Amino acid sequence: MEFCKLCHDRGVIISNDIAVPCSCGPQRALARRLKESGLPKFLYTCTFGNFDFSYYQKRESTEGINYFDTARRTYQAALDFVAEFKKNSNCDGLLISGPVGSGKTFLACCIANALLAEGLLVLFVIVPDLLDRLRAAYTPNSGSNLIEQDLLETARQVPLLILDDLGSHNYTEWVRNKLYSILNHRLNYCLPTIITTNINLEDLDEFLGERTTSRIYQMCRPYRLMVSVDIRVAQRKKNQK
Ligand SMILES: [Zn+2]
């Protein structure tokens with residue numbers, strides 16, 4: 001499909017016999033950055049303006065946590081991160097924990113979309129997908145080793161890496177080493193990482209190992225999102241009405 005009707009995707013238009021850059025340049029560049037970021041298309045619309053605080057109750061939960069305050073703090077931390085990263089791309093990252101359907105991925109995507117729109121480079125990695133790809137690459141003669149090397153190298157070096165859905169998977173020693181090598185490199189070069197996880201922070205080292213967990217704590221400020229209902233389930237019910 002044609003992206004731009006003015007230049008027919010040539011990127012330049014002829015005006016008085018001179019080739020001039022078409023006005024679609026910035027949008028075209030954004031489209032390319034979005035594609036290369038690995039962010040799934042349905043998450044392009046997650047923006048800070050769309051974050052819905054109504055899912056987070058104002059009253060105290062049974063554990064004495066005010067979910068609304070927790071959400072507000074985490075949202076603010078995400079906003080602050082964007083502002084900080086634009087000034088200094090070697091700032092601290094974020095570790096956003098919370099149960100399934102608490103808006104962690106949404107918030108991570110708000111950050112990704114805000115920075116991609118500013119022309120900055122972000123790699124969005126869905127951890128279960130990465131693990132599948134790593135496992136496939138580990139299988140001899142699978143033919144995908146080169147692609148995985150590229151992905152791992154990009155994950156190591158990209159200015160901002162988002163590791164989404166770091167869950168309670170079965171992490172083999174080999175996968176643990178891969179994750180460690182990514183995070184250790186990023187820590188050494190002060191490259192921030194945003195991690196979302198539904199693992200309780202005290203259980204993190206059980207899954208990832210002590211050395212990776214300690215890297216995460218050194219490079220990410222921890223925040224939490226809590227909900228009493230899974231937002232995705234609540235949204236589906238709302239849409240059915
Ligand atoms: Zn154009």
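The buried residues of helix α8 are covered by elements that include β3 (93-97), α6 (173-188), β6 (193-197), α7 (204-208) and β7 (220-224). Helices (H or I, at least four residues) and strands (E, at least two) are DSSP runs, numbered from the N terminus. The model is predicted: local features need pLDDT of at least 70, side-chain atom pairs count only at pLDDT 80 or more, and totals for chains, interfaces and linings use all residues. Residue numbers start from 1 along each chain as its sequence is written.

Helix α8 comprises residues 210-219, of which Thr212, Thr213, Arg215, Ile216 and Met219 are buried; a residue is buried if 20 or more other C-beta atoms, placed from the backbone, lie within 10 Å of its own, exposed if 12 or fewer, and partly exposed in between. Viewed down the axis of α8, these buried residues fall within an arc of 155 degrees (taken from the directions from the helix axis to the C-beta atoms), so they line one face of the helix. An α-helix has 3.6 residues a turn, so residues three or four places apart point the same way. On the face of α8 turned away from the buried side are the exposed residues Glu210 and Gln218.

The protein as a whole has nine helices and seven strands. Its C-alpha trace spans about 70 × 50 × 40 Å along the principal axes. Of its 241 residues, 29% count as buried. Among contacts between residues at least 6 apart in sequence, 75% join residues at least 24 apart; two residues are in contact if their C-beta atoms, placed from the backbone, lie within 7 Å.

Four residues of domain 1 and seven residues of domain 2 form the contact between them.

Helix α1 (residues 25-37) packs against helix α3 (residues 104-117) at an angle of about 145 degrees, with the axes 10 Å apart. Axes are lines fitted to C-alpha atoms, for helices over the stretch in contact, and angles run from 0 to 180 degrees between N-to-C directions. The contact involves Leu30, Arg33, Leu34 and Ser37 of α1 together with Ala112, Leu116 and Ala117 of α3. By class, five of these residues are nonpolar, one is polar and one is charged; Ala, Val, Leu, Ile, Met, Phe, Trp, Tyr, Cys and Pro count as nonpolar, Asp, Glu, Lys and Arg as charged, and the others, Gly among them, as polar.
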